[in-house]
Amino acid sequence: MNTQNTPIHIGLWHREFWQMAIANWLLNMSAYMLIPVMPLWLMETEHFTPAETGICMGVFGVGLYLLGCFCSFLVQHYRRHKVCIVAILAMTLSLGILYYADSHPDIYVAKKVILLQRLLFGAFFGLAQMILSSTLIIDTSESFQRTEANYSAAWFSRFALALGPLSGIILYRETGFLVTLASAIGCCAVAVVLINLVKFPFRAPEDVIRKMSLDRFFLPQGLWLYANMLLVTTVMGLLMSSGLSDWFYGMMMVGFFLAILAQRFVFPEAELKSEIVSGLILMGTSVVFMMAQGSQTLSYISPLSLGLGLGIIGSRFLLFFIKLSRHCQRGTSQSMFMLSWETGLALGLFVGYTFLYDRQQLLLTISLLLVAVALLLYNFFTHRWFISHKNR
């Protein structure tokens with residue numbers, strides 16, 4: 001854990017782990033494929049203003065925190081995989097609200113309904129993700145493989161950040177919002193099937209089970225890592241609100257693959273802070289290239305740099321959260337990482353649509369400033385703070 005590299009054990013990749021990793025990917029796909037197209041539907045079909053659209057997209061981030069304090073109680077009081085399945089089914093029902101609204105264009109959809117839908121979708125998505133990352137994925141792996149299991153499964157979530165919007169844009173353009181929603185619902189349904197096919201061992205609950213706790217939800221000692229990661233993904237959320245193309249997301253996926261190769265062959269023997277510093281420089285370079293515009297070469301390099309930088313940063317911060325956690329807090333560290341990632345995306349979407357809609361250069365300028373702040377914060381404070389507080 002003190003090296004840059006994460007060892008690979010071929011034994012980890014058995015059928016049950018593959019099923020859980022793919023379920024994790026599908027769960028994220030169901031959320032991410034709506035990010036580029038739901039604002040279009042809200043503004044073009046439901047005639048929401050950009051500010052109203054931004055609030056609807058941002059309230060998803062508020063929902064993430066609603067059920068987290070009950071996560072530990074639920075997974076100990078009930079069968080943990082069943083709780084996850086119920087949460088995903090609740091996500092499906094909330095998507096059904098949008099499906100019903102779009103399939104009945106004669107019905108006026110109140111803004112409060114959309115706000116409630118996004119809030120509930122965020123709440124059940126957050127709960128399902130916490131159970132998946134903090135409990136179920138760990139349950140399918142041996143104790144000495146758990147860091148690798150968390151690391152590998154998180155890459156499936158990261159892939160969804162590129163493939164989800166890419167598929168959503170193509171589906172929306174070719175078939176409309178209804179089929180896009182049906183695809184998101186289908187992703188949830190397949191995830192439920194995959195989770196249900198795995199046999200999870202029985203875990204005896206603790207003697208005293210508190211109905212509300214921070215266990216499996218929030219890691220207080222990770223607040224500085226949370227803040228630094230939040231800045232990074234807020235930039236990603238801002239950029240996503242600017243209307244990135246399917247081509248951009250496709251090239252960003254290539255950047256993610258390059259990040260995996262870079263971690264294996266470039267950074268294993270490098271200084272520990274080099275990954276995050278390099279990743280932030282790559283993200284800043286991507287934003288600068290987007291500001292330049294006009295060059296076809298830059299249209300290739302910008303999404304590649306963004307995917308490469310974000311992939312490197314996400315992987316290293318995930319391992320930092322694990323290192324920071326104390327005994328029996330691994331699951332909590334996974335939830336904390338997920339919250340920092342998803343909250344940043346939601347915050348960026350909220351700010352982008354509410355305050356910076358159709359102000360591309362200002363949005364990019366603010367994004368570049370946030371990258372600079374994240375770099376300065378990490379280089380001059382967060383890294384040293386982490387080194388002095390890590391527990392593994």
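Predicted model: local features only at pLDDT ≥ 70, side-chain atom pairs only at ≥ 80, totals over all residues.

Author: Residues are numbered from 1 along each chain as its sequence is written, and side-chain values use heavy atoms, with hydrogens and water left out.

Reader: How many residues of helix H9 are buried?

Author: Helices are DSSP runs (H or I, at least four residues), numbered from the N terminus. H9 covers residues 223–240 and reaches 25 Å from its first C-alpha to its last, close to the 26 Å expected at 1.5 Å a residue, the expected span being 1.5 Å times one less than the number of residues. Buried means under 20% relative accessible area and exposed over 50%, with partly exposed in between (1.4 Å probe, protein chains only). H9 is largely enclosed by the rest of the structure, because the number of its 18 residues that are buried is 15.

Reader: How many disulfides does the structure hold?

Author: A disulfide is counted where a pair of cysteine sulfur atoms lies within 2.5 Å. For Cys 69, the nearest cysteine sulfur, that of Cys 71, is 9.7 Å away. The sulfur of Cys 187 is 7.0 Å from the closest one, in Cys 188, which is too far for a bond. The number of disulfides in the structure is zero.

Reader: Which residue has a side chain joined to that of Ser 315 by a polar contact?

Author: Ser 315 lies in helix H12 (residues 296–324) and is buried at 0% relative accessibility. A polar contact is a pair of N or O atoms within 3.5 Å; within protein, one must be able to donate a hydrogen and the other to accept it, and residues adjacent in sequence count only if both atoms are side-chain atoms. At 2.9 Å, the partner of Ser 315 is Arg 158.

Reader: Which helix gives the most to the lining of the largest pocket?

Author: Among the 21 lining residues, those nearest the centre of the largest pocket include Arg 216 and Cys 328. Helix H6 (111–139) and helix H13 (330–355) each supply at least two residues of this lining. With four residues, the helix that gives the most is H6.

Reader: Is Asp 358 buried or exposed?

Author: Asp 358 is found in the loop between H13 and helix H14 (360–389), and has a positive phi of about 65° although it is not a glycine. With a relative accessible area of 71%, Asp 358 is exposed.

How values were computed
1 Å grid on protein atoms, 1.4 Å probe; cavity = no way out; pocket = protein on both sides within 12 Å on 5 of 7 lines; lining within 4 Å.
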